[in-house]
Every structure is written in structure tokens, then in C-alpha cells.
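I opened this model to look up its charged pairs and its nonpolar core. My notes follow.

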Amino acid sequence: MPWFVKTGIPVFPRFLFSAGDDHIGTPMDILTGEREEEFIMSPVFRVFTRLGLDATVLGNHDFDLPPAVLRRAAGKDAGFPVLSSNIKIKGLPTPSALLGLAGGLRVGVMGVNTLDELHLTEDPLRGIFLEHPEKPVKRLIPLRKSNRCL
């Protein structure tokens with residue numbers, strides 16, 4: 001239960017998201033393992049889990065980590081979905097979107113990356129699969145409309 005519920009401060013329906021770039025090569029990331037054989041934990045994913053984060057998306061700096069480290073960080077420390085509709089990493093479950101209710105409103109959120117800023121190339125051997133961002137957006141728009149989401 002989030003701390004503000006315990007304090008008696010009125011709690012309004014809300015969603016809590018991260019826009020990505022959660023792993024950007026800080027000293028803490030380096031100390032807790034930025035290579036698979038050194039990986040201990042993802043401090044930011046653990047903190048987000050304790051805060052009650054509803055979801056994060058993969059940002060371009062998250063791909064500074066090897067795919068194996070992203071898989072371990074999400075699998076071990078993320079108590080929330082990691083959204084990505086157009087970049088898939090084998091073994092890392094990344095739903096394209098999240099639908100929910102907040103204050104009686106239906107809200108849909110999706111994770112989409114532009115490919116030009118990533119400096120990432122599709123690499124099936126490493127388990128990285130890319131899709132132009134326009135394709136998943138076109139697939140998900142009808143879903144948003146059919147669920148009457150904002």
C-alpha cells in the first residue's frame with residue numbers, strides 16, 4: 001500500500017508510469033551489474049515496485065544494457081509490466097499496451113519507440129526484433145476505440 005494512503009491524505013484514482021530510460025549507466029547501475037555475469041539487481045525496478053508503479057516502457061537508454069540484463073532485471077525486480085509494442089526481446093515479456101480504469105475513465109497506454117534514436121538493429125541471434133512504430137499503433141487504435149479508452 002503506498003505511503004500516502006497510510007498518512008490519511010486523500011487518494012485520488014491515479015496511474016503511475018515511467019517513460020523509460022530507467023537504466024542509463026548511473027554508478028548504481030554499474031555497481032549492481034550492467035553485464036549479465038555481474039548482474040545483482042535493478043535498483044530502479046525495485047524502487048518502482050515498492051512505489052506501486054503501474055507500468056514502464058523501454059526507453060532508448062535501457063538498450064544500453066545487453067538484452068540478457070534487461071531480461072533479468074525485468075524478471076527479477078519489476079513488479080509491473082514493461083511495455084514495448086515495436087521492439088521485442090526474446091524471453092522478455094513486453095505487452096504492447098495496458099488498459100485500466102482511473103476515476104471511472106478507461107485509460108489505455110502503449111509503449112512505442114522511434115527506431116532512429118535507438119542505434120539498435122534487429123539481431124535475431126541476440127533475440128532483438130524491431131518493427132516500425134507505425135505498425136503497432138495502427139493495430140492498437142481499433143482496440144482503444146472498441147474499449148472506449150482515452
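I began with E37, which forms a salt bridge with R35, the closest N and O atoms being 3.2 Å apart. I count a salt bridge when a side-chain nitrogen of Lys or Arg lies within 4 Å of a carboxyl oxygen of Asp or Glu. The model is predicted: local features need pLDDT of at least 70, side-chain atom pairs count only at pLDDT 80 or more, and totals for chains, interfaces and linings use all residues. Residues are numbered from 1 along each chain as its sequence is written, and side-chain values use heavy atoms, leaving out hydrogens and water.

I checked exposure next (buried is under 20% relative accessible area, exposed over 50%, partly exposed in between; 1.4 Å probe, protein chains only). E37 is exposed at 65%. R35 is partly exposed at 44%.

I then looked up K138, which bridges to E134 at 3.2 Å between the closest N and O atoms. The two sit four residues apart in helix α5 (residues 134–146), so about one helical turn separates them. Helices (H or I, at least four residues) and strands (E, at least two) are DSSP runs, numbered from the N terminus. K138 is exposed at 56%; E134 is partly exposed at 45%. Elsewhere, shared partners join R35, E37 and E38 into one salt-bridge network. I note five salt bridges in the structure.

Last, the core (buried Ala, Val, Leu, Ile, Met, Phe, Trp, Tyr and Cys residues joined through side-chain atoms within 4.5 Å). The largest one has 20 residues, and F45, F63, L70, F80 and V82 have the most contacts inside it. Helix α4 gives the largest share, four residues.
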